[in-house]
Amino acid sequence: MKFKEFLLQESTIDFFQNYWGKDFLHIANIPSALKIKTPSNLLTKILEQPRLKYPQIRVLSGGGALSPILYTKSSEHGLDETIDPKKIAYLACKPNTVKVENLASLLPEFKLWDNLFSTLFSSRITLNGYFSFGPSDGIPIHFDPHHIFAVQLYGQKEWSLGAEQSQLYPHKAVTILNDSEDISPRKLTLSENEILYLPPGRTHSVRTEKQSIHIAIGIHTPRCFHSISDLVERATIRHPELRADQPFSVTEDSLTFKELSKSDIKIICDILLSSVNDD
């Protein structure tokens, strides 16, 4: 699969110039490579897989999560991470959302998706499924630190989107606890066989009125701070001075650590630069 097959109405250049990391995009049709036969049976197929455990499968309800005791093989004798498919099937008929993580490890069709997207984006991919039975709300208003393509396989999902980026390329997910803050003025209905692209940092929440199945494709692109962290990790192995305590002073009363000075930081940067040359 190439970008022109995936993006359809948008050219590759326009998408990466105007939307990637900047704005959401509603894509009208999913490419044939992502078509799933009888998507309404997906949850049943997943629950037939052996060794399903919490938290790979969780049940969300009312903007929160149900206790895993309600759908695992836990008993009064102790906790058990093993999923009870019958309990999940029962809860799936209620106004809940069953979230299934790492779909590529469960079904071959999603292993294919993982291969397609990891090749296309040269990035780590996550595939999480949301099987919603309404009326139900999803996770409270939040934003994610990675790019997302939400693929609607069955039914409809109502999306509320922030008018603009809450944060430019955030490094962690954030849930917005202040419900009074008006951050979701844009409403969008994602229908079967449509895709929604969300850049990192775009606040969103979802609601299902009847029934919905969508797959969240997470594109975890390499970030500069990740590369710096990896560089520090490698340099720390070779340079014991990076493993030493920060400068400190001591009196009879206490030991006090000092902040790194500019000269200290310059020495560290020189060590990191020399590590790049060594590599």
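A salt bridge is a side-chain nitrogen of Lys or Arg within 4 Å of a carboxyl oxygen of Asp or Glu. The structure holds 7 salt bridges. This is a predicted model, in which local features need pLDDT of at least 70 and side-chain atom pairs count only at pLDDT 80 or more, while totals for chains, interfaces and linings use all residues. Residues are numbered from 1 along each chain as its sequence is written, and side-chain values use heavy atoms, with hydrogens and water left out.

**View 1. The whole chain.**
The chain has 7 helices and 16 strands. These elements are DSSP runs numbered from the N terminus (helices: H or I, at least four residues; strands: E, at least two). The C-alpha trace spans about 65 × 60 × 40 Å along its principal axes. Of the 279 residues in the chain, 43% are buried. Buried means under 20% relative accessible area, exposed means over 50%, and partly exposed lies in between (1.4 Å probe, protein chains only).

**View 2. The salt bridge between Glu101 and Arg58.**
The side chains of Glu101 and Arg58 meet in a salt bridge at 3.9 Å, N to O. Glu101 lies in the loop between β4 (97–100) and α5 (108–121), and Arg58 lies in strand β2 (residues 57–61), so the pair ties together parts that are 43 residues apart in sequence. Glu101 is partly exposed, with a relative accessible area of 26%. Arg58 is partly exposed too, at 23%. A network of salt bridges links Arg58, Lys99 and Glu101.

**View 3. The salt bridge between Glu209 and Arg207.**
Here the side chains of Glu209 and Arg207 form a salt bridge, 2.8 Å from N to O. Glu209 is partly exposed at 43% relative accessibility. Arg207 is partly exposed, with a relative accessible area of 29%.

**View 4**
Asp270 pairs with Lys266 in a salt bridge, with 3.3 Å between the closest N and O atoms. Both residues lie in helix α7, 4 residues apart, about one turn of the helix. Asp270 counts as partly exposed because its relative accessibility is 39%. Lys266 is exposed, at 53% relative accessible area.

Phe248, Val250, Leu255 and Phe257 make a nonpolar surface patch of about 410 Å². Strands β15 (248–250) and β16 (255–257) are the elements that give two or more residues to the patch. Patches are made of residues with over 30% relative accessible area and no salt bridge; like charges are joined within 9 Å, and nonpolar side chains (Val, Leu, Ile, Met, Phe, Trp, Tyr) within 5 Å. Accessible areas come from the Shrake-Rupley method with a 1.4 Å probe, and for residues only the protein chains shown count as cover. Phe248 sits in strand β15. Phe248 counts as partly exposed, at 44% relative accessibility.

Lys258 is found in the loop between β16 and α7 (262–278). Lys258 counts as partly exposed, at 44% relative accessibility. Lys258 and Leu103 are 155 residues apart in sequence and 47 Å apart in space, C-alpha to C-alpha.

**View 4. The largest pocket.**
The largest pocket holds about 470 Å³ of space. A pocket is an open set of points on a 1 Å grid over the protein atoms alone, with protein on both sides within 12 Å along at least five of seven lines; a cavity is a set of points where a 1.4 Å probe fits but cannot get out; lining residues have an atom within 4 Å of a point. Points are joined across faces, edges and corners, and a volume is the space filled by probe spheres set on the points. The largest pocket is lined by 33 residues, of which Tyr130, Ile139, His142, Asp144 and His204 lie nearest its centre. The lining has 13 nonpolar, 15 polar and 5 charged residues. Ala, Val, Leu, Ile, Met, Phe, Trp, Tyr, Cys and Pro count as nonpolar; Asp, Glu, Lys and Arg count as charged; the others, Gly among them, count as polar.

**View 5. The second largest pocket.**
About 240 Å³ of space lies in the second largest pocket. Its lining includes Glu241, Leu242, Pro247, Leu260, Asp264 and Ile271. By class, the lining divides into 7 nonpolar, 1 polar and 3 charged residues.

**View 6. The cavity.**
The count comes to 1 cavity of 30 Å³ or more. The largest cavity holds about 30 Å³ of space. Among the residues that line the largest cavity are Phe143, Asp144, His146, Arg202 and His204. The lining divides into 5 nonpolar, 3 polar and 2 charged residues.
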